[in-house]
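Please open the model in a viewer and keep the sequence at hand.

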Amino acid sequence: MTTLPTEFADLEPYADWALATEPERYAKRLASSMPEMQQFYDAAFGRLEDAITYLDKFDLDDLDDDARALMHLMQSLVMVSFPVEVWKQPRVPDSGAAWVTIAKEPVV
């Protein structure tokens with residue numbers, strides 16, 4: 001089970017968004033309803049600055065599991081920001097059946 005740092009216990013209901021890879025985050029976005037994404041966005045966006053401040057205390061190579069989960073949660077926040085703020089739908093508008101596959105992700 002994914003857990004977040006105790007300072008971010010209020011975000012535990014959204015721990016299922018703490019996904020390690022972009023394809024996982026994108027699949028979660030596509031499988032989520034707009035109300036689900038809006039609820040996550042509203043909760044996480046309000047804690048974004050706190051999360052950045054918290055994570056800046058660590059070297060990227062030395063993140064413990066809780067901090068890494070927080071980082072992944074905030075990466076998911078980025079993944080849902082355009083659907084929530086602009087598109088009002090999980091998919092990119094007017095993209096039809098287009099699909100992008102990442103061949104290699106940065107190692108974190």
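Predicted model: local features only at pLDDT ≥ 70, side-chain atom pairs only at ≥ 80, totals over all residues.

Residues are numbered from 1 along each chain as its sequence is written, and side-chain values use heavy atoms, with hydrogens and water left out.

The structure holds three salt bridges (a side-chain nitrogen of Lys or Arg within 4 Å of a carboxyl oxygen of Asp or Glu).

Select R47 and D10 to begin. Their closest N and O atoms are 2.5 Å apart in a salt bridge. The pair links distant parts of the chain, 37 residues apart: R47 is in the loop between α2 (34-45) and α3 (48-55), and D10 is in the segment before α1 (22-31). Helices are DSSP runs of H or I with at least four residues, numbered from the N terminus. R47 counts as buried, at 17% relative accessibility, whereas D10 counts as partly exposed at 44%. Buried means under 20% relative accessible area, exposed over 50%, and partly exposed in between, with a 1.4 Å probe and protein chains only.

Shared partners join D10, R47 and D50 into one network of salt bridges. D50 is partly exposed, at 39% relative accessibility.

Finally, select D16 and K28. Their salt bridge brings the closest N and O atoms to 2.8 Å. D16 lies in the segment before α1 and K28 in helix α1, so the pair ties together parts twelve residues apart in sequence.

Terms used. Helix = DSSP H or I, 4+ residues; strand = E, 2+ residues; numbered from the N terminus.
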